[in-house]
Amino acid sequence: MERYLLNVLHSSLHIKQFKQIHGLIVTNYPALTPFFVQGLLRLSIIVYARQVFDRIPQPSKILYNSLISTYSKLSLYKEALDAFVLMHDSGARVVCSTIPPVMKSCTSLLAGELANEIHSLVVKYGFSSDVFVQTPLMDFYAKIGDIDSAKKVFDEIFVKDPICYNCLISGYSKSGDVVAAQQLFDEMSERTVVSWNSMISCYANNGHYREGLRMFERMQVERFRPNEISVATVLSICAKLRDLEMGLRVKKFIDENNLCINMIVSTALLEMYVKCGAVDDARQEFEHMDRRDVVAWSAMIAGYAQNGRPSEALELFERMKSKQIKPNDVALVSVLSACSQLGSLEAGERIGNYVESQGFVFNVYVASALLDMYSKCGNISKARQIFNHMPQKDVVSWNSMIVGLAANGFAKEAINLFEKMKEIRVKPNDITFVGILTACTHAGLLELGLRIFRSMKSDHEITPTIEHYACVVDLFCRSGKLKDAHEFICRMEVEPNVVIWGTLLSASRIHSNLELAEFSVKKLLELEPENSGNYILLSNIYASAGRWEESLTVRNLMTTNRVQKTSAYSWIEMDNKVHKFLVGDTSHPGSNDVYRIVDGLAMQSTWVGYNFESALEFSWCS
């Protein structure tokens with residue numbers, strides 16, 4: 001009967017059958033209890049196994065080891081460590097096979113004190129040369145950033161296998177020591193595909209993207225077959241470099257070598273296309289995916305939002321919800337950005353209500369995007385409400401609120417918020433100063449704006465960028481100090497761009513300063529000779545001054561240089577949908593009705609003596 005029960009315990013049993021056998025063992029065969037526990041552990045019936053285990057007077061080291069290993073396998077790391085402490089306190093001798101699952105638990109829980117005690121036991125029992133014991137110890141030290149201890153453990157191993165090398169390479173990668181990782185990789189006598197992947201990831205994680213690509217190419221030269229992790233990592237590098245050509249080469253490699261295109265690879269491909277601006281290719285990859293998780297949906301929505309296609313981002317977001325896939329914070333931030341781009345308050349409020357109903361408003365990133373959307377759509381009171389109720393605010397939240405207040409004409413409130421931000425010791429960044437300088441510009445606070453600009457470097461150690469210089473130029477121009485603006489531009493530490501010269505040109509038109517206008521246009525034509533707006537603005541300035549010949553010369557210059565006026569779109573939101581119109585465009589399904597109404601308005605204007613053609617001509621000029 002005992003032999004029969006032992007055979008049964010090694011088979012797959014239902015919990016009811018275990019209970020029946022348990023009753024038989026308790027009444028007649030108590031010596032089989034450890035084997036009964038082993039049978040439960042083998043099938044991961046951990047709670048029942050622990051109940052029976054606790055009734056055994058002196059469990060063996062083998063049984064302890066099985067219990068600890070099962071806890072670790074089921075990611076019950078705290079229970080695994082508790083069982084190990086119980087084992088050690090009971091006097092049961094620790095064996096080699098106990099250390100790996102215990103160290104895995106220490107690593108997952110970052111249990112440093114216990115890990116050090118286990119390391120002492122490893123030395124005490126003479127396990128220091130065992131690669132299977134030392135590798136998890138080394139992994140622990142590498143993950144907590146103690147790379148020196150990890151290296152010491154590595155050096156103690158007599159016979160080193162690729163796994164321990166890979167572990168230390170990952171440690172060097174995390175600590176940012178790419179040179180040491182490469183040296184270790186080069187001294188390996190035997191490499192696996194994981195070794196190559198570790199080295200490629202090391203370069204990628206530390207910003208050495210070109211070296212990562214060269215490592216991928218070297219991997220193929222040395223006849224190691226890349227796997228799905230290899231190509232996913234390389235595609236991520238291509239995305240960061242915006243290198244579409246290399247990304248397409250990797251895609252070709254995948255197709256030619258029949259690599260498994262799983263969801264990880266497909267998502268990496270999708271993100272590569274998105275970051276490189278090939279949004280339609282990304283959508284094609286998205287539609288071909290057999291299965292899509294929330295990461296894939298979010299990547300595609302973000303791709304549309306980041307590439308200036310907000311309508312498609314909104315459409316895909318609604319489709320995602322219809323598939324009963326709950327959006328994550330990335331998807332929500334992206335779709336809120338799309339609403340901001342469209343200026344669509346209706347769509348923004350609809351998504352805002354969804355965000356609040358699902359509790360995402362407590363996520364600092366989503367809340368910041370939400371208040372940014374309300375600000376850009378003109379609902380500053382709602383933006384303030386979101387900001388005031390945020391349980392946590394980071395610098396992005398403060399920036400969004402300051403910029404929103406400044407852009408909506410609440411300059412003093414933006415300045416007060418900036419002062420409050422400094423009071424509670426939230427460190428401002430470069431975007432903060434763009435917002436506060438914009439506020440000073442709108443309020444005409446020249447001296448305050450200049451003082452804040454100078455404080456960037458002296459008080460906050462922030463080097464002004466072209467955006468900050470543009471704000472100061474605008475501040476001078478709005479105050480009517482064009483000469484000071486020009487002198488400031490000439491003293492700039494960075495090369496002036498089209499925004500700065502365009503700002504000076506517009507101000508020169510307002511104040512009829514032909515000298516500065518001509519100078520600004522000359523600079524603008526050097527930087528962007530195909531921008532029709534520069535020609536038109538100078539032509540209008542000449543026309544306003546009665547210098548018709550110069551005005552006509554500029555118009556003729558446009559024709560000679562084959563510069564065409566950029567078409568302007570009109571937008572209107574109706575029934576939760578944004579409609580876009582272009583003059584002469586017939587692609588909109590309601591274009592016939594639109595033109596019929598416009599023609600009717602033109603006729604009515606003619607009847608009441610309004611010069612419709614003159615109005616259109618003036619519109620073209622301005």
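Visitor: Which backbone oxygen does the side chain of arginine 191 reach?
Guide: This is a predicted model, in which local features need pLDDT of at least 70, side-chain atom pairs count only at pLDDT 80 or more, and totals for chains, interfaces and linings use all residues. Residues are numbered from 1 along each chain as its sequence is written, and side-chain values use heavy atoms, with hydrogens and water left out. Arginine 191 is buried at 17% relative accessible area (buried is under 20%, exposed over 50%, partly exposed in between, with a 1.4 Å probe and protein chains only). At 3.2 Å, its side chain reaches the backbone oxygen of phenylalanine 185.

Visitor: How far apart are the N and O atoms in the salt bridge of lysine 251 and aspartate 255?
Guide: A salt bridge puts a side-chain nitrogen of Lys or Arg within 4 Å of a carboxyl oxygen of Asp or Glu. Lysine 251 and aspartate 255 are four residues apart in helix α16, so about one helical turn separates them. Lysine 251 is buried at 18%, whereas aspartate 255 is partly exposed at 41%. The N to O distance is 2.9 Å.

Visitor: How many salt bridges does a search of the whole structure find?
Guide: One of them joins glutamate 287 to arginine 292 at 3.5 Å. For the whole structure the search finds 26.

Methods. A polar contact is a pair of N or O atoms within 3.5 Å; within protein, one must be able to donate a hydrogen and the other to accept it, and residues adjacent in sequence count only if both atoms are side-chain atoms. Helices (H or I, at least four residues) and strands (E, at least two) are DSSP runs, numbered from the N terminus.
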